[in-house]
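Me: Hey, can you help me read a protein model? I'd like to go through some charged side chains and then a helix.

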Amino acid sequence: MQIEIRPTLICKTHTGEKTSIDLVWVAELLRDIGRGASLVRATNNSGLSYRGAWEKLNAVEGTLTLDLVARTKGHGSKLTPFGKFFIEFIDEMQSKSGEHGKGYQATLLSAIKKLSKQEAMKWKFSSSSDAIIQKAVMDVKGFDLKIAGSGESLERLLNNEADLAGYHVSDEKSSKAIYMRLIKSNIQIFPVMKRIQGLMVRKDNPLKIASILDLVNPKTRFINRQIGSGTRLLLDSLLISEEIEPLEINGYLHEEFTHTAVANAILAGKADVGLGVKSVALESGLGFIPLKDEVFFVAMHKDMVAQSEASKLIRKIRSYSDETPGYKAISLNRQVEGWL
């Protein structure tokens with residue numbers, strides 16, 4: 001990396017607009033003319049067209065109120081005394097600017113090194129998309145949050161690609177299966193909140209959508225979540241329970257990656273309905289048909305449990321969930337008896 005400070009002249013164009021002209025470029029153009037180069041050759045060397053180069057030169061001369069080049073019909077162009085002085089002036093300015101540039105470059109490199117070290121020291125937190133999780137991470141420093149589906153987040157944790165994972169489950173059987181897999185890998189699980197998942201629709205609900213069964217209406221445009229997300233798994237389980245084939249739903253293969261993206265698609269008229277959490281529906285001014293409560297867990301390796309930042313993060317998640325419609329904090333395992 002190299003930082004270079006180049007002197008620039010602010011000029012006004014013939015239309016009155018401001019434009020900036022690189023004076024190092026001007027000095028090189030003048031230098032070529034001073035060496036006896038023809039106008040065409042000098043402008044070609046400058047990287048601009050003949051007309052473009054001379055328009056810039058005229059703008060500089062107009063701003064400085066002195067000619068840099070003497071143009072004599074039939075005798076070509078020569079540098080004026082001011083033109084010769086200007087080359088020396090720019091060279092000296094650029095030399096001194098170079099020293100400043102080195103200082104700024106050293107400052108920038110030092111900051112990059114320091115901040116890179118801080119980023120490397122952050123705990124890696126892979127989590128399912130949730131506004132409360134994101135808000136808590138912003139408040140509790142020391143975490144590098146990566147949004148992913150519940151399944152992908154857990155795989156990252158199990159593969160030691162993450163220190164913590166946030167995931168949500170909508171039924172006890174699946175929750176127990178995940179719990180048994182995690183504890184075999186010496187991972188601890190903390191229930192942090194319950195939230196309500198349901199169908200997000202336009203405020204006036206013009207299609208009168210009331211349940212999952214209404215999604216098979218071919219006029220109803222659905223928008224799904226990505227494969228591996230907890231919300232996608234919830235939808236698929238509901239479809240199985242209602243004996244609905246996924247491809248019966250218009251838009252089942254149309255995917256978004258967050259609850260907010262689903263809500264935005266509905267607001268933009270790209271879809272009529274999608275699955276999401278109540279808080280996002282309310283914030284987006286959408287209607288909401290509740291379908292199922294689910295539990296959100298934070299799982300972490302045992303060495304992470306001893307870190308004070310982990311405790312702060314869990315407390316902050318629980319605190320925010322108690323303040324947010326559609327959520328309820330979970331502080332004790334007995335509150336989710338049967339899920340673990």
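Me: Is arginine 31 buried or exposed?

Reply: This is a predicted model, to start with. Arginine 31 counts as buried, because its relative accessibility is 19% and the cut-off for buried is under 20%.

Me: Ok, and which residue does the arginine 31 side chain meet in a salt bridge?

Reply: That's glutamate 28, and the N to O distance is 3.2 Å. Glutamate 28 is partly exposed, with 40% relative accessible area.

Me: Where do glutamate 28 and arginine 31 lie?

Reply: Both are in helix H1, which covers residues 23-34. They sit three residues apart, about one turn of the helix.

Me: Why would side chains like that pair up at all?

Reply: In general, side chains of opposite charge can pair when their charged atoms come close.

Me: How many salt bridges turn up in the whole structure?

Reply: A search of the whole structure gives 10.

Me: What does glutamate 155 form a salt bridge with?

Reply: With arginine 181, and their closest N and O atoms are 2.8 Å apart. Glutamate 155 belongs to helix H6 (residues 150-158) and arginine 181 to helix H7 (residues 172-184), so this pair ties together parts 26 residues apart in sequence.

Me: How accessible are those two?

Reply: Glutamate 155 is partly exposed at 33% relative accessible area. Arginine 181 is partly exposed too, at 45%.

Me: Now glutamate 294. Which side chain does it meet in a salt bridge?

Reply: Arginine 195, at 2.5 Å from N to O. That pair links distant parts of the chain, 99 residues apart: glutamate 294 is in strand S12 (residues 287-301), while arginine 195 is in strand S8 (residues 187-201). Both glutamate 294 and arginine 195 are buried.

Me: And which residues do salt bridges with shared partners join into one network?

Reply: Glu28, Arg31 and Asp91.

Me: Switching topic: how many residues does helix H8 have?

Reply: H8 has 12 residues, 230-241. From first C-alpha to last, H8 reaches 17 Å, close to the 16 Å expected at 1.5 Å a residue.

Me: Which residues of H8 are buried?

Reply: Gly230, Thr231, Arg232, Leu234, Leu235, Leu238 and Leu239.

Me: Last one: what is the phi of glutamate 243, which follows H8?

Reply: The phi of glutamate 243 is positive, near 55 degrees.

Methods:
Residues numbered from 1 in each chain as written. Predicted model: local features only at pLDDT ≥ 70, side-chain atom pairs only at ≥ 80, totals over all residues. Heavy atoms only, no water. Helix = DSSP H or I, 4+ residues; strand = E, 2+ residues; numbered from the N terminus. Expected span 1.5 Å × (residues − 1). Buried < 20%, exposed > 50% of the residue type's maximum accessible area, 1.4 Å probe, protein only. Salt bridge = Lys/Arg side-chain N within 4 Å of Asp/Glu carboxyl O.
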